[in-house]
Amino acid sequence: MRNLRALLLSVPLLVACRLPATNAEQGPPKAVFILLDGIPADVIERVSTPALDAIAAAGGYARAHVGGELGGPTETPTVSAPGYMSLLTGTWANKHNVRGNSNQSPNYDYWNIFRIVETVEPSRTTALFSTWLDNRTVLVGEGHPDAGGFALDHSVDGFERDTVRFPHDPASRYILAIDEHVSTQAASYIASKGPDLSWVYLQHTDDVGHAQGDGDAFDAAVQQADAQVGRIWAAVQQRQRLGEDWMIVVTTDHGRDVLTGKGHGRQSERERTTWIVTNVPTLEARFTSGQSAIVDIAPSILQHLRITVPAAVSREMEGVSFVRRSPR
Ligand SMILES: [Zn+2]
């Protein structure tokens, strides 16, 4: 990211002034959100990430947070699955009820973004590309009666259970191989089909963080993840040239502990401090000033997609859109 953040934060008025009215004149709205696991804000800002820089140059980069309100009822462990669920539902763990990475019992009363889109406008197309199967089968709850029984239009996942194609090794290189496959598949599908809403989940960075902590190996993993993002950004740009109105959001689910960088889960500033990159230029001040949270992403994407969220669902969401509404 380097330098870009300072540059962008120094010109918020310029960014704000040049934008009005872009979305309404463009083609059908589309969105893809990418979650790169466990990359602290200080790392993403220090390491060279040309793909993220290119996306931010079109829109913006800002720090954000996970973990809910410190010491309040919404406080949420800085753990992966609770973070994904906060992104998907726009709520914290006191509502979505996912507090760890195993034995989850999500409270499906708080609808996730895929259920909202598939219920409100079933003709919209949805896709999920993930290095962790549970994202679809447990958190999103595809096909689960309590989660509405909806179906995604396309999914690419489950490879971590394919030990023939991706033999497991102690250094978790197979997870990098799966991330490569998943991101390539996502880019190819987006380029050819242009689904209305997609989620791409990539895991390898967190595995390296747990094994190695802060340092060169982690930085290298971040650069590999950036290259995978670049693949998807290129596909999005291809679709933009067809006249489609694309929003891309890239974020992480938690930071890491300050001492070694190997752990996370608690409420230290480094574990709570995350970041969001988007190509959308019409950004609210709460975004550019670093006040956004992971729960703001779903409302932002739903606004971009012009989905009217049922009132009973939207009033339970803790997040608010960071995309400025353009006059129509
Ligand atoms: Zn994680």
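Modeller: A residue is called buried here if 20 or more other C-beta atoms lie within 10 Å of its own, exposed if 12 or fewer, and partly exposed in between, with C-beta atoms placed from the backbone. Strands (E, at least two residues) and helices (H or I, at least four) are DSSP runs, numbered from the N terminus. The model is a predicted one, in which local features need pLDDT of at least 70 and side-chain atom pairs count only at pLDDT 80 or more, while totals for chains, interfaces and linings use all residues. Residues are numbered from 1 along each chain as its sequence is written.

The strand is β6, residues 245-251; 7 of its 7 residues are buried, so β6 is largely enclosed by the rest of the structure. Asp245, Met247, Val249 and Thr251 point one way from the strand, while Trp246, Ile248 and Val250 point the other way, and all are buried.

Next, the partners. Strands of a sheet pair through backbone hydrogen bonds, either parallel or antiparallel. Two strands are taken to pair if DSSP finds at least two bridges between them. β6 runs parallel to β1 (residues 29-36), and 7 bridges join the two. Among these contacts, Pro29 has Asp245 of β6 as its bridge partner. With β7 (residues 273-278), β6 pairs in the antiparallel sense over 3 bridges; Val249 has Thr278 of β7 as its bridge partner.

These strands belong to an open sheet of 7 strands with mixed pairing, in the order β2-β7-β6-β1-β5-β3-β4. β2 (60-65) and β4 (154-156) stand at the edges with a single partner strand each, so one side of each has no neighbour in the sheet. Direction ignored, neighbouring strands of this sheet are turned by 15° against each other on average.

Terms used. Axes fitted to C-alpha atoms, helices over the stretch in contact; angles between N-to-C directions.
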